[in-house]
Amino acid sequence: MNTRKFASINGLDRRDFLIQGSGLVSAALLAACNSRGPKSANKLLNYAERKNLIVERKLFRHTSMDVVQSGAHEAGNKLPSYFIAPTVPVWDESARGKWALEVSGLVGNPVRLSLDDLQKLPQVSNRVNHYCVEGWTAVETWTGVPFTELARLVRVDPQAQFVDFQSFDDDYHESWDIESAMHKQTVVAYGLDGKMLEPAHGAPARVYSPIKLGYKNTKYLTKIVFMPKMNGGYWSDQGYEWYGGT
Amino acid sequence: MRAGEARLGKKRHHWIVRTTHWVNVVAIIIMVGSGLRIFNAYPAFARKGEMFCCYPFEHKAIPAWLTFGGWLGGARHWHFAMMWALVNGLVYLTFIYLHGDWRDLVPRKGDIRDSWQMVKFYTFRRKDHPHQGKHNALQKAAYFLLPIFGALAVVTGIAIWKPVQLAPLTSVFGGYVWARYWHFIAMLAIVILSVVHVFMVFAVDPYSIPSMITGNYNERNSPESRNARPFYHLLPRNMSIDFRIRRRRV
């Protein structure tokens with residue numbers, strides 16, 4: 001069948017074909033825009049994330065420290081407050097008893113620490129950046145127990161390669177590689193900008209480290225569990241990178 | 001042999017140049033689209049509790065149709081996967097360094113004068129197309145600047161990917177907030193250069209499109225021999241004469 005015949009059968013001449021064809025192509029391109037891209041690419045994207053994870057863990061140095069730029073202002077009450085529950089999660093003492101932080105898993109000496117216990121442990125205040133996955137940063141001073149002090153207290157088993165930070169903000173949790181948890185700037189924080197942590201920012205205690213993106217820093221802590229394997233996380237399971245390191 | 005004249009059997013673009021060019025097209029489109037989707041999660045530069053001096057559209061989102069990836073997490077996956085495609089740029093630069101093609105692109109004495117002559121020609125203040133080598137002076141400047149902005153985009157991108165682990169790099173650009181800004185500016189420069197490039201290809205030298213696929217280019221069709229301005233003298237000289245004759249006969 002020659003082209004002319006084909007065209008006449010379909011009631012199209014070449015010009016119409018070109019116009020309508022290019023219209024279709026551009027419509028398809030427009031539809032592809034703002035989409036998640038082809039499904040078949042997911043395999044490639046997952047592969048890339050796994051490879052990037054190796055690169056990111058290789059880049060990690062315990063000696064790399066977050067430094068706040070001179071002249072940077074503290075965010076103060078401009079620090080956004082995020083939680084997944086419909087309302088600000090507040091520990092209900094009458095229903096659940098006194099709040100305590102359980103540190104357990106692959107450890108020699110599991111403990112339950114009240115807020116008073118935490119405050120009696122060695123204390124640091126770090127004025128550091130908060131890196132949000134969305135792209136903003138905020139300078140704050142976080143006060144709390146260095147994570148390494150907690151690890152020493154519970155005597156971590158060498159087989160523990162990951163740490164899960166669990167919360168009472170619904171089922172929110174995020175698991176970390178142990179190197180990031182043992183970084184000097186990682187603290188279990190109960191103070192923000194010189195005051196006790198408020199419910200809006202994760203009271204009574206939260207994990208805080210500038211070496212992880214905001215969503216990895218679980219608020220409203222209930223449990224810290226040392227594990228042999230990684231355990232995903234609330235946002236990681238929804239498709240954000242598990243590593244989330246800065 | 002005059003400069004710019006194609007030697008027989010020599011291709012205008014080496015296959016490595018052609019391949020890296022088209023890989024770059026895909027990489028730039030995906031990196032810009034997914035980058036803008038990431039940007040839209042916080043379409044501003046100010047640190048929380050501060051103002052930012054140098055971006056007039058703080059907190060105004062980029063139109064969604066310009067973005068790619070669908071959602072923040074998806075766009076981040078595309079961005080961090082496709083960043084490896086930028087190794088392609090390194091292949092290109094290494095090749096043109098080893099193969100000598102860089103000589104067609106580096107600025108030389110007289111380029112500013114030649115650029116000015118091109119501007120005069122394009123704005124009808126000069127009759128004849130200025131004499132040129134492989135590229136005209138304005139093209140040369142664009143193809144020289146593009147890898148520079150590309151490198152800036154890559155380096156600032158790494159700086160905001162790992163602002164703590166690579167803190168010394170991030171501080172070179174003035175810290176995270178500014179590195180993120182320079183990353184955006186580099187993207188903007190690449191987009192502007194690319195858009196102008198594509199426009200000029202269609203408006204002045206569409207014959208260069210097949211040459212970027214097959215490598216072959218007929219110098220008879222070059223803008224210089226056609227005396228071509230945007231949308232002027234798109235057809236080769238002889239061909240336009242043919243048309244005139246034919247029309248007269250009809």
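**View 1. Surroundings of B:Gly69.** Leaving aside residues up to four places away in sequence, B:Gly69 touches A:Arg36, A:Gly37, B:Gly33, B:Ser34, B:Arg37, B:Gly74, B:Ala75 and B:Trp78; two residues are in contact if their C-beta atoms, placed from the backbone, lie within 7 Å. The model is predicted: local features need pLDDT of at least 70, side-chain atom pairs count only at pLDDT 80 or more, and totals for chains, interfaces and linings use all residues. Residues are numbered from 1 along each chain as its sequence is written, while chains are lettered from A and ligands numbered from 1 in the order in which they are written. B:Gly69 sits in the loop between α1 and α2 of chain B. B:Gly33 is 36 residues from B:Gly69 in sequence, with a C-alpha to C-alpha separation of 7.5 Å. B:Gly69 counts as buried because it has 25 C-beta neighbours inside 10 Å (buried: 20 or more other C-beta atoms within 10 Å of its own; exposed: 12 or fewer; partly exposed: in between; C-beta atoms placed from the backbone).

**View 2. Packing of α1(B) on α7(B).** The two helices, α1(B) and α7(B), pack at an angle of about 135°, and their axes are 11 Å apart. Axes are lines fitted to C-alpha atoms, for helices over the stretch in contact, and angles run from 0 to 180 degrees between N-to-C directions. α1(B) and α7(B) are therefore oblique to each other (under 35 degrees is roughly parallel, over 145 roughly antiparallel, 65 to 115 roughly perpendicular, the rest oblique). From α1(B), B:Ile28, B:Val32 and B:Gly35 make the contact, and from α7(B), B:Met187, B:Ile190, B:Val191 and B:Ser194. The contact of α1(B) with α7(B) has five nonpolar, two polar and no charged residues; Ala, Val, Leu, Ile, Met, Phe, Trp, Tyr, Cys and Pro count as nonpolar, Asp, Glu, Lys and Arg as charged, and the others, Gly among them, as polar.

**View 3. Side of chain B that touches chain A.** Chain B gives 32 residues to the contact and chain A gives 41 residues. On the chain B side, α1 (15-39), α2 (72-82) and α7 (176-203) are the elements that give two or more residues. The largest share of this side, eight residues, comes from α2(B). By class, the side of chain B that touches chain A has 17 nonpolar, nine polar and six charged residues.

**View 4. Chain B as a whole.** Chain B has 10 helices and zero strands; helices (H or I, at least four residues) and strands (E, at least two) are DSSP runs, numbered from the N terminus. Of its 250 residues, 29% count as buried.
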